[in-house]
Amino acid sequence: MDRIVSGITEYKKNKYKVCMDDGTHLVLYKGEVRRYRLQEGQTVDEALYQELFYEVVGKRVKKRALALLEKMDRTEQGLYRKLAESEYPEELILDAIEYVKKYHYIDDYRYACTFIRYSQEKMSRLQLKMKLTQKGVPRDVIEKALE
């Protein structure tokens, strides 16, 4: 399915939001917009869209997820929220989360156990549950970690 570029607007420093006529959008760097010669009104065939979506933005989401996890441990939901702030497509965010889970870079159970270990002397059991719930850890994982 061909798409038409309905708009290209400056998003952040050196980044542009490329909007398509079907309502989708991709955030691309200025150099990528130039390299692919994207301009308003241009028809983007399926092959080019797939390349931009999976090869350009898809790889960027995975690298971003790894960089975020390198700085600090996060819950699955915490990583999702952080990636969503950068307006990555949901499909690519979920792919990136599956990718990092496959290599055990993200693990809600491990996160909960570590959080409990370091916080149990400062917080009650109920406070620990509330904090972990706020961070997006599922209730069953919290209960298992508290055992």
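Predicted model: local features only at pLDDT ≥ 70, side-chain atom pairs only at ≥ 80, totals over all residues.
Strand S1 (residues 3–12) and strand S2 (residues 15–20) run antiparallel and are joined by six bridges. Within this pairing, Thr9 has Lys17 of S2 as its bridge partner. The two strands form a hairpin in which two residues separate S1 from S2. Asn14, located in that turn, has a positive phi of about 65°. S2 is also joined to strand S3 (residues 25–29), again in an antiparallel arrangement, by five bridges. Here Tyr16 stands opposite Leu28 of S3. The hairpin formed by S2 and S3 has four residues between the strands, and Gly23 in its turn shows a positive phi of about 95°.

Aromatic contacts were examined next. A pair of aromatic rings is described by the distance of the centres and the angle of the planes. The count of aromatic pairs comes to five. One of these is formed by Tyr49 and Phe53, with ring centres 5.7 Å apart and an angle of 25° between the planes. Ring pairs link Tyr49 and Phe53 with Tyr54 into a cluster.

Charged side chains are also placed over aromatic rings. The charged end of Arg3 sits over the ring of Tyr49, at 3.7 Å from the ring centre.

Zero disulfides are present in the structure. A disulfide is a covalent bond between the sulfur atoms of two cysteines. Cys19 has a relative accessibility of 23% and so counts as partly exposed. Cys113, at 18% relative accessibility, counts as buried, because the cut-off for burial is under 20%.

Arg60 lies in helix H2. Its relative accessibility is 14%, so Arg60 counts as buried. When residues up to four places away in sequence are not counted, Arg60 touches Val27, Leu28, Tyr29, Glu32 and Tyr88. Among these contacts is Leu28, the residue of S3 that stands opposite Tyr16.

Lys82 is placed in helix H3 (residues 76–85). With a relative accessibility of 27%, Lys82 counts as partly exposed. Apart from its neighbours within four places in sequence, Lys82 is in contact with Arg64, Leu68 and Arg74. The C-alpha atoms of Lys82 and Ile93 are separated by 9.8 Å, the two residues being 11 residues apart along the chain.

Notes
Residues numbered from 1 in each chain as written. Heavy atoms only, no water. Buried < 20%, exposed > 50% of the residue type's maximum accessible area, 1.4 Å probe, protein only. Contact = heavy atoms within 4.5 Å. Phe/Tyr/Trp six-rings, centres within 6.5 Å; stacked < 30°, edge-to-face > 60°. Lys NZ or Arg CZ within 6 Å of the ring centre and 35° of its normal. Pairing = 2+ DSSP bridges. Disulfide = S-S within 2.5 Å.
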